Amino acid sequence: MTATNEELLRTFDTGMCIGEAETAALSRPNIPVHLTAEQLTHHVLRASTTGSGKTTAMVNDALTAYEELDGPTVIFGKKGGSMATEYKRAHFHRFGNLDDIVHLPVPGPNGELPAFPFFDIRPQLSAGISREAAVQEKVDRYNELLAYVLGEEQHNQAFVAQEILSNLIVALFDPIHGEDAYAISDLLSAATQMQEAVPEMQRAQRTGEKIQADEYLPEVVDTDLKIALERHFSAEPRRFATSIDAVLNRITKLRERDFVWRMLNFVPEWDENAETYADDQMLFDLDALLDSRKVVLIDTGDLRPASSNLFTVLVLDYLWSWVRLRKRWDRDVPGPADGYCVNLIIDEAAPVLKASLVRNEMIPDAREFALAFEVIVHFPEQVKRDALDTRAYKEILRNINTKLIGKLAIDDELATTLFHEDLDAEGLANRIASLPRGEWLAQLPDTGFMTDTPELVTLKPLPIPPGHSDSDDPVDAGTHRPDSGDPRSPGQTFQEADHLQWSRTRFTYCLLPGVNCPPDAAQRTARWGAGVTNTGGGDDDASTTVEHAETESDIDPSNRVDEDTDGESSSEQSGTQGPETDARGPSQSGGASNRYGTVLGTGTTSSTNGTDRPADNTSDRNSGKARSGRDSSGRDSAESNDDASPPDASRNSSGDDLTEHERRFLRNVIAALNGELDAYELTESMTIIRNRSGSNIDEDKLVEQGYLENPHVGTRKYYYVTEKGQHAVDRKLYTGRDYGDLHEKVHHKVFTECFARYLAQTESQHVEKYYEPMGGGMVFDVAGFIDLPGGQRNLTAIGEVITTVKPERVVKHYDDFAQYDGVTKHWVVKDIDVTHDLVRALHDAGRVETVPPKSLQNHTRIAETVFGEHGEWQIHSGSDIVEAVRAFTAESEDGAID
């Protein structure tokens, strides 16, 4: 549609350029269309199908907003870094530096996150807001956050739990006994303290005594609040236990996402005299950013969509608080009439628009606080919460004055908000459906009060900006720009500018795991997995030579490992160091690897042996075992796999009753389970290890005294060294990514190893064991990836080994699996009875509908009956997997012989 009123369109000449209006005559150039800050605060919608140029349009929008307007631009990108990188290239090309860029990958390469608080009312109090109002806002915000995570229906079901949780939040803000700012861990502790009253309530129910409620509640001065909390202790104990469990679930639900939990635990320092956050601390300080022209690139492409959306809502909540605070402080803050606005550009925005905070408060009221939304969606109806959400959807459309519609099928509600006097709804739909890819049909805003609304017009996209990798003049790492502010300066390359930008960003705005917040999942994995997530690790093979019996016919002096009687042997001999990166080369640990060549979380440059542990680190590993990678998934560390058993109570035995051959045997078994024993594969029986370790070995004694277990996997015999045995010979079983779970037994370890090989062999996938996604909250025994161009990888398969069924754990596995659409999910089970127990547990928890009869004895048939025949969910016999891998090995060896 060509411009019918070119004179009107030429008034759109200032601000962010959104495209070029097509003129009626080919001899006249197209008209660039700009939106002022005032028009932007009435919001912009871009809707079109994939491949229509939305990402390039975002880059152009941000470039022109930075150039033409005052105020910061915040871009939320969800495409794994391409948008942020392309914007930086184009910005560098146009402006010669990246001084105003704040690029925040979430999480960052070392687990960096924006540093901002949640349970903090100090800024509100300093702005003169009453304590009651400030606290109530935090209660409401947390409940809205939970409703967004759980869904409105589930959140509203447990109303008693919701009441207790809200009252606990208020109690921790008590003006006398509480704090003005606290961490979510404090809230968890308060709820856990209440839960500890359950046994006393049960005793009181039997004896008729009254429990001492004060022992289980935070101290408060508000008598009514105290009564409201105490009354729950008068409830029937079982009912109270259910309610307090629901309270804890509403807190620990956020613990499933490690990065969110770290953010909610952050409490920055406060300057009482200045009544603001203290200077010289790492903080995502919106008060300063809102006074700037920074371009903040928030890249959540490494997160799953649900985690990405949750993070975006958290940031928007923090932003909403600050723009309102600045208004309340009545500072001399510029507004849209001055060319100022806070420009928010949100990709894949439909789920975010469903949040109550955004649709009910920010979108309708943003103009008052100079807040401008540009929301990018595939089609507008995505913002409906459900099919009946027509009224709220219409309200959103009415609150967005600029609509840029690409090639798509429009709905009736959208059609009624678009205006062209020569087209009815059907003609409009046909015109939009026939748009060439990349063009936009634009409904522009009016130019002021009581002015005409322009008719629909076709907008041509702006050219790909110079600097973009697809432009005619791309920027690469070595592209150089002079310093426009100092002619004598040599200037800088794009790579230098980006390194400076990242260093400035992380040390100004970020939480750094292990520095100003607790270690993240990657650091925990790096510690207990001997640095396997470090891409700068060494390439040497870490295998350990088998310790042979000292007979003339068996000893090879070049391979012999000396006995470690004094506990001070070298790193190669003592086994107290973790494995180095294996011969396959540096690890590519699913998003947690360090692209800057430093050991994760330490900031130190990795050396060739950067993954080695210091020789004296054994005690460190023992003391820290409860914080292993598996623990970060929310599982009980003492039950980290389905074969788990509690630690041996006598694990401090010195092992004085062991013969030298028995010591050697136990060490060789540990080396084999760690994957470090020469000439041994976990597909083989471990009797060969016993036979090669010496003759003076009393296997029955080792089992009886608690040093050893000797289970069978199928027809083959294996061994497992208990914690007591590990302590006696000063060796440890490794845990963490690619190595193992705490207290992992042999069946689980063999099945995991064999399924990893099976997946690699049959699907040609890159495989990782004990893989924890960067977002945390879960660990998969096996994960398979396919390589993509540019060094990226795509998760395609996840697997969990089940040897015994513990219902709460298999339900957790199922829920973790269900978060990954389009990824094959594999259960590897010990036997057919475990398969039936697994299905029954999922059925009892409401996860599956069908329970096949016990007479069905085929794993594949059971999986098809329960999950459908599409093959996304599969069940395998662990024994069959082991035999298949042994067959692969035999064929490989036969091929080598031939």
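Residues are numbered from 1 along each chain as its sequence is written. In this predicted model, local features need pLDDT of at least 70, side-chain atom pairs count only at pLDDT 80 or more, and totals for chains, interfaces and linings use all residues, while side-chain values use heavy atoms, with hydrogens and water left out.

**The whole chain**

- The protein chain has 33 helices and 26 strands. Helices (H or I, at least four residues) and strands (E, at least two) are DSSP runs, numbered from the N terminus.
- Of its 898 residues, 55% count as buried. Buried means under 20% relative accessible area, exposed over 50%, and partly exposed in between (1.4 Å probe, protein chains only).
- Take the contacts with a separation of 6 or more: residues 24 or more positions apart account for 72% of them. Contact means heavy atoms within 4.5 Å.

**Confidence**

- The mean pLDDT of the protein chain is 80, and 79% of the residues reach 70 or more. pLDDT is the predictor's confidence in each residue, from 0 to 100.
- Among the elements, strand β10 (residues 342–346) has the highest mean pLDDT, 97. Helix α23 (residues 571–574) has the lowest, 33.
- Over residues 550–652 the pLDDT is below 50. Beyond near neighbours in sequence, this stretch has 243 contacts in the model.
- Where pLDDT is low, the predicted coordinates should not be read in detail.

**A five-strand sheet**

- An open sheet of 5 strands runs in the order β22-β23-β24-β25-β26, with mixed pairing. Two strands pair if DSSP finds at least two bridges between them.
- β22 (766–771) and β26 (873–877) stand at the edges. Each has a single partner strand, so one side of each is left without a neighbour in the sheet.
- Strands β24 (residues 793–802) and β25 (residues 824–829) run parallel and are joined by 6 bridges. Ile-798 stands opposite Lys-825 in β25.
- Helix α29 (residues 746–763) lies across β22, β23 (780–787), β24, β25 and β26. This helix runs at about 155° to β22. Axes are lines fitted to C-alpha atoms, for helices over the stretch in contact, and angles run from 0 to 180 degrees between N-to-C directions.

**Leu-856**

- Leu-856 lies in the loop between α31 (832–844) and α32 (859–867).
- Leu-856 counts as buried because its relative accessibility is 14%.
- Leaving aside neighbours within four places in sequence, Leu-856 is in contact with Ile-832, His-836, Arg-861, Ile-862 and Thr-865.
- Ile-832 is 24 residues from Leu-856 along the chain, and their C-alpha atoms are separated by 9.1 Å.
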